[in-house]
Amino acid sequence: MFEQVEMSAALLVAESSGGHQKFHACQSPSQEKSDCKRCAIMRGMTSNSNPVESTDTLLSTGAQDGSAPSPTLYETVGGAERLRELVDRFYDLMDLEAQFVGLRALHPATLEGSRDKLYWFLSGWMGGPDHYVEQFGHPRLRARHLPFRIASTERDQWLLCMAMAMQDVALEPALQERLLESFYQTADWMRNTEG
Ligand code: HEM
């Protein structure tokens, strides 16, 4: 099971150097990719100079043309309970798995605060209640991560840990892939050290 996750995370890392078009083989006949839903998701993530300094949510929450609004990613994940389950599994794995010892060492002795903050942040980021911004204001995530040394190794550990957590809580495979693409953008932006 882990091998499969490692492969998809490794693939993301390997394919990520050239902008969002490289994140997936777009099947759209349009050269503009304007009718491709997955390209639209990636445009949403990259429409600002970086994916995390904006307080915009990950996906549009309503239709512009009067048709039924599309579900938010928060709803697609399964709401508060399922999102909390994902975040808890993420930090459980970080705590338990030897391969994440470097990532774990950056975090405080108790992970309770980290669990809450990531859950609050992802809730708003996915189009649900914006608990993080209500309590702490603008996320400024890159600035908040500057005290920690984050190179490719830490980025990749974070992504693999999240990929394993998504698989363990049994998110739909297509949803896992879509989230991993978005997480990659954010995690890569967080790097503040060569290596
Ligand atoms: C790239 C690898 C990453 C590393 C090594 C990393 C590491 C850390 C560490 C050490 C903390 C402090 C924990 C605490 O004070 O309890 C933290 C906080 C946080 N991280 Fe990350 N992180 C990474 C990526 C991400 C990503 C991709 C996201 C969002 C999708 C994220 C969201 C957060 C949030 C919301 C906080 C709380 C910030 C605050 O208010 O202090 N992190 N991270």
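Here is a short tour of this structure, stop by stop.

This is a predicted model, in which local features need pLDDT of at least 70 and side-chain atom pairs count only at pLDDT 80 or more, while totals for chains, interfaces and linings use all residues. Residues are numbered from 1 along each chain as its sequence is written.

**Stop 1: confidence.** Colour the chain by pLDDT, the predictor's confidence in each residue, from 0 to 100. The mean is 79, and 67% of the residues reach 70 or more. Now select residues 10-51, where pLDDT stays under 50. Residues 53-57 also stay under 50.

**Stop 2: the ligand.** Select the 22 residues around the ligand; each has its C-beta atom, placed from the backbone, within 6 Å of the molecule. Ser 114, Lys 117, Phe 121, Trp 158 and Ala 187 come nearest. Next, show helices H5 (101-106), H6 (112-125), H8 (141-145), H9 (152-168) and H10 (173-189), which each give two or more residues to this shell. Helices here are DSSP runs of H or I, at least four residues long, numbered from the N terminus. H6 supplies the largest share, 5 residues.

**Stop 3: two helices.** To see the meeting point, select Leu 86, Arg 89, Phe 90, Leu 93 and Met 94 in H4, then their partners in H9, including Cys 161, Met 162 and Asp 168. Contact means C-beta atoms, placed from the backbone, within 7 Å.
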